[in-house]
Amino acid sequence: MEKEEGYTNVMKMPLASEGSNKAFYHYQKSTIRNCKVTFMDGSSYWQKMITNDKRLSIKSEPNKLYLDEQCSILADVTRKKKIQECKRMGLI
């Protein structure tokens, strides 16, 4: 038997760039805001959310913390250092 050439999406599921995935991403994108992070020692910071229209993904900015909701004032501590501080204090 020869392999047939043509459409390989047998189930006719929407691909990442078409259909319901794309519609759901654009719905989510309009509701996404920066995220407030509270650590075990009680301190609170903000993380910036990043949207990627090409890959239809939403993620937080890695290892950076901010003092305000608009994420314009960078905190003097990183996420990794803050987690290490909480571990040293025995909170985690």
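Relative accessible area, computed with a 1.4 Å probe on protein chains only, classes a residue as buried under 20%, exposed over 50% and partly exposed in between. The structure is a predicted model, in which local features need pLDDT of at least 70 and side-chain atom pairs count only at pLDDT 80 or more, while totals for chains, interfaces and linings use all residues. Residues are numbered from 1 along each chain as its sequence is written, and side-chain values use heavy atoms, with hydrogens and water left out.

The structure contains 3 salt bridges, a salt bridge being a side-chain nitrogen of Lys or Arg within 4 Å of a carboxyl oxygen of Asp or Glu. Lys 29 and Asp 53 form one of them, with an N to O distance of 2.9 Å. This pair links distant parts of the chain, 24 residues apart: Lys 29 belongs to helix α1 (residues 19–31), and Asp 53 to the loop between β3 (49–52) and β4 (57–60). Helices (H or I, at least four residues) and strands (E, at least two) are DSSP runs numbered from the N terminus. Asp 53 is partly exposed at 42% relative accessibility, and Lys 29 is partly exposed at 30%.

A salt bridge also joins Lys 82 to Asp 41 (2.9 Å, N to O). Lys 82 lies in helix α2 (residues 79–88) and Asp 41 in the loop between β1 (35–38) and β2 (44–47), so the contact ties together parts 41 residues apart in sequence. Lys 82 is buried at 7% relative accessibility, whereas Asp 41 is partly exposed at 31%.

Lys 82 forms a salt bridge with Glu 85 as well, the closest N and O atoms being 3.4 Å apart.
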